Amino acid sequence: MTCSIAVERLRKCFGDVEAVSEISFSVHQGELFGFLGPNGAGKTTTINMLTGLARPDSGIIHIGGIDCTSNPRAAQHLVGIVPDESNLYPELTGFDNLCFCASLYGLRKAERQARAWELLDTFNLTKAADRKFSEYSKGMKRKLTIAAGIIHKPEILFLDEPTAGIDVASARQLRQLIIDLHESGTTVFLTTHYIEEAERLCDRVAFIVSGQILQIGTVEHLVQPIHAKHVVQIFCTNSIPNIQGKLSSSFPGLAFTNPKRGLIRLEADEQISIGPIIRYLEDLGAEVVEARKMRHSLEDVFVRITGIEADAMRKEKEKKGGAR
Amino acid sequence: MKLWIAFWNILLKDMRTYYLKPPNISWGLIFPLAWTGMFFIKTGSGMESILTLLPGVVAISILFGTTSMLAVTVTFEKKNRSFERLLLAPIPFELLMLAKTSGAILFGTANAFVPVIMAVFLVDLSQVVWTAFIPAVFMIAVASTFLGLFIAVAVSEVFEAQTFSNFFRFPMIFLCGLFFPIEKLPIFLKPLSYALPLTYGADVLHGAVHTGNVLPFTIDLSILGVFCVGLFMVSLQNIRRKWIL
């Protein structure tokens with residue numbers, strides 16, 4: 001499989017602080033790759049090194065097959081970058097901003113105007129085309145910044161926290177746009193602190209903490225070790241006396257718990273067949289309303305590997321970037 | 001062709017966003033008027049002194065116009081991170097910075113002709129050597145712009161850029177022979193005068209307007225050219241060192 005991004009032993013220090021510590025990874029062509037980590041983990045520094053905004057202290061970078069180690073700007077025509085903060089020109093209108101960004105990639109006037117209208121339409125910003133960027137809402141600014149990042153149809157797109165600090169509806173729309181870009185063949189390098197977002201979108205993810213990649217792989221691959229345990233939760237509207245004991249004696253090999261009234265939780269090392277258990281419970285007079293096989297999430301894996309509570313990471317980021 | 005499109009649009013964007021804004025146009029008109037008026041009042045002389053004052057007013061108009069604008073176009077864009085957008089574009093870095101500074105060069109050149117146009121209505125400019133005057137104006141605009149770039153890169157806030165600029169601008173007014181001949185300066189200040197780019201620009205302007213130049217035009221313009229290249233290269237080096245970490 002062709003690599004769009006290949007990084008070997010990439011290292012970057014700021015004074016005594018090692019921001020990125022000899023990381024190595026590759027992103028395949030057409031892949032949607034997630035880069036997950038808390039604030040200060042080294043995500044943005046990595047993106048800056050990959051895009052030529054920062055010089056690595058050591059290591060090798062290949063972008064689109066071009067060796068960018070000695071000339072970081074060599075592959076800039078191949079990449080689009082959406083930074084973590086919207087950095088378009090406040091004095092220009094949405095349309096003019098897009099046209100200007102297109103001109104930086106050498107698109108001719110008719111071509112850049114057509115592309116700008118196309119993207120404004122895609123991002124539902126046509127009505128705001130003539131408004132100054134400074135007058136846009138946070139969600140609109142984010143959308144226009146992404147539009148500016150893809151104005152030249154890049155082969156590789158770097159998205160740094162694309163949904164941070166925007167409302168739920170806009171975030172949802174942006175996620176769909178990322179999926180569409182991915183489906184159209186664009187290689188997407190996504191950094192995010194929303195783990196569920198990475199889980200939903202990415203083909204593969206890497207966890208980076210304190211400048212080091214702790215784990216890398218597909219979501220299924222990462223979740224697999226803790227998937228070894230099968231968990232089912234059964235919800236009843238009523239409570240049966242000594243239900244835990246009765247179930248344990250009738251279904252040996254399954255571990256039952258009754259954490260709260262009406263909730264029965266069972267765990268096993270193998271697949272659990274729910275049908276007989278529900279029938280047994282109904283025979284005992286339980287009114288079963290729901291039985292759910294619990295799936296371990298990427299967040300569980302992240303917490304297990306990094307020791308960082310995902311919720312704390314999200315709140316910290318939202319404090320910095322505004323509420324989503 | 002692609003690079004030319006990028007170059008032209010960066011220049012056009014800066015002209016529209018910064019240089020052609022009413023406050024800047026009024027600055028370009030009022031500033032030379034204020035300087036001219038100030039020197040008239042100070043010297044108490046009549047119309048005959050206009051030709052003596054003209055080179056100084058022209059040079060100051062360029063110097064203040066260009067250095068002030070660079071503080072906005074570069075420092076401000078660096079601060080709000082829109083400058084990163086340019087750094088990420090597939091344009092050679094040198095060309096990008098030339099595009100970014102071209103607007104200020106044009107603005108400075110245009111500023112220079114405000115006092116000239118005013119002088120046309122007051123005195124006879126027929127003996128002015130335009131073939132020396134116009135290249136001098138352009139070279140002073142380029143040198144001042146690159147000096148502004150050097151200053152803009154050295155600071156992180158717009159107000160810092162303006163303050164820092166004054167450390168260069170005001171000594172230049174008095175040390176470059178714009179209004180006071182260098183030969184009348186104290187001996188210890190003379191070497192400093194010859195270390196400033198505006199000295200050579202002012203010398204050409206004086207020579208072009210009233211044949212009062214010390215060095216031949218070609219020498220003056222060549223030295224000014226060396227200053228332009230030097231300031232530009234040092235500024236680029238500083239941007240690479242400070243902004244591309």
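Which residues point one way from β8(A), and which the other way? A:Thr187, A:Phe189 and A:Thr191 go one way. A:Val188, A:Leu190 and A:Thr192 go the other. All of them are buried. Keep in mind that this is a predicted model.

So much for the faces. Now the partners of β8(A). Strand β3 of chain A, residues 32-36, runs parallel to β8(A), with five bridges joining them. Look at A:Leu36: its bridge partner in β8(A) is A:Thr192. Next, β7 of chain A, residues 156-160. β7(A) also pairs with β8(A) in the parallel sense, over five bridges. There, A:Ile156 has A:Thr187 as its bridge partner. From β7(A) the chain passes through helix α5, residues 168-183 of chain A, to reach β8(A). That β-α-β crossover is right-handed.

Over to the antiparallel sheet. It is open, with four strands of chain A in the order β2-β1-β4-β5. β2 (17-28) and β5 (66-67) of chain A are at the edges; each has a single partner strand, so one side of each lacks a neighbour in the sheet. Strand β1 of chain A, residues 3-14, is joined to β2(A) by eight bridges. One pair to find: A:Lys12 with A:Val20 in β2(A).

Last stop, A:Leu88. This residue sits in the loop between β6 (79-82) and α2 (94-103) of chain A. Buried or exposed? A:Leu88 counts as buried, because it has 24 C-beta neighbours inside 10 Å. Beyond its neighbours within four places in sequence, its contacts include A:Phe133, A:Leu144 and, from chain B, B:Ser82.

Terms used:
Residues are numbered from 1 along each chain as its sequence is written. Chains are lettered from A and ligands numbered from 1 in the order in which they are written. This is a predicted model: local features need pLDDT of at least 70, side-chain atom pairs count only at pLDDT 80 or more; totals for chains, interfaces and linings use all residues. Two strands pair if DSSP finds at least two bridges between them. Helices (H or I, at least four residues) and strands (E, at least two) are DSSP runs, numbered from the N terminus. A residue is buried if 20 or more other C-beta atoms lie within 10 Å of its own, exposed if 12 or fewer, and partly exposed in between; C-beta atoms are placed from the backbone. Two residues are in contact if their C-beta atoms, placed from the backbone, lie within 7 Å. A crossover is right-handed if, with the strands pointing away from the viewer, the path from the first strand over the helix to the second runs clockwise.
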